[in-house]
Amino acid sequence: MAPAIRILGIDPGLRKTGWGVIVSEGSKLSFLACGCVESDGNLSLGERLRQLHEGIGKVIAAHKPHEAAVEETFINRDPQSALKLGQARGIALVVPSLAGLSVAEYAANLVKKTVVGVGHADKKQVQAMIRVLLPKAETSSADAADALAVAICHAQHRGMRALVAQMRAAG
């Protein structure tokens with residue numbers, strides 16, 4: 001039996017960054033915790049990013065994940081919004097990395113396909129499948145459910161990622 005691995009999934013956003021922690025033990029998945037880190041829209045961008053940094057850091061300190069996974073952002077038509085989301089995503093990538101965690105990235109379509117079976121599933125379908133796959137999960141928001149979906153995606157794909165890394169290192 002594979003050792004239990006705690007996985008932190010992150011769904012980045014400037015206003016709300018969803019997070020979810022699951023335990024993966026072989027093919028068995030268990031819910032640990034989830035929620036959102038929110039930033040105050042009345043503050044400067046730098047202060048909002050600091051709030052996200054501190055919030056994600058607190059999640060890592062409280063739940064001690066072994067690995068992290070972050071959802072890749074889709075292309076936004078509004079360049080200003082895309083830039084701000086990219087900065088929030090940067091925080092979501094660097095905080096776990098600073099904590100010593102390996103950080104994987106997954107496209108939104110792969111996350112949805114892994115969890116729902118369809119790459120263009122909507123948020124309600126993702127939330128419904130989270131309730132099926134993690135019956136004890138109490139998601140407080142769609143952002144938290146999306147973060148749990150990212151963690152589930154990583155649990156399903158981490159073995160293949162490790163194999164590819166080993167092959168690259170050997171050859």
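Select Lys64 to begin: this residue is exposed, with a relative accessible area of 51%. The model on screen is predicted. Lys64 sits in the loop that runs between helix H1 (45–63) and strand S4 (67–71). Now check the backbone torsion. Phi of Lys64 is near 45°, a positive value, and the residue is not a glycine. Most residues other than glycine have a negative phi.

Next, select Ser24. Buried or exposed? Ser24 is buried, at 5% relative accessible area. Colour by secondary structure and Ser24 falls in strand S2, residues 16–25. Then show the neighbours. Leaving aside residues up to four places away in sequence, Ser24 touches Pro3, Ala4, Ile5, Ile7, Leu29 and Ala155.

Now go to the cysteines. How many disulfides does the structure hold? It holds zero. The cut-off for a disulfide is a sulfur pair within 2.5 Å.

Last stop, Cys153. Cys153 is in no disulfide either, and the nearest cysteine sulfur, again that of Cys34, is 17 Å away. Cys153 is buried, and its relative accessible area is 0%.

Conventions: Residues are numbered from 1 along each chain as its sequence is written. This is a predicted model: local features need pLDDT of at least 70, side-chain atom pairs count only at pLDDT 80 or more; totals for chains, interfaces and linings use all residues. Side-chain values use heavy atoms; hydrogens and water are left out. Buried means under 20% relative accessible area, exposed over 50%, partly exposed in between (1.4 Å probe, protein chains only). Helices (H or I, at least four residues) and strands (E, at least two) are DSSP runs, numbered from the N terminus. Contact means heavy atoms within 4.5 Å.
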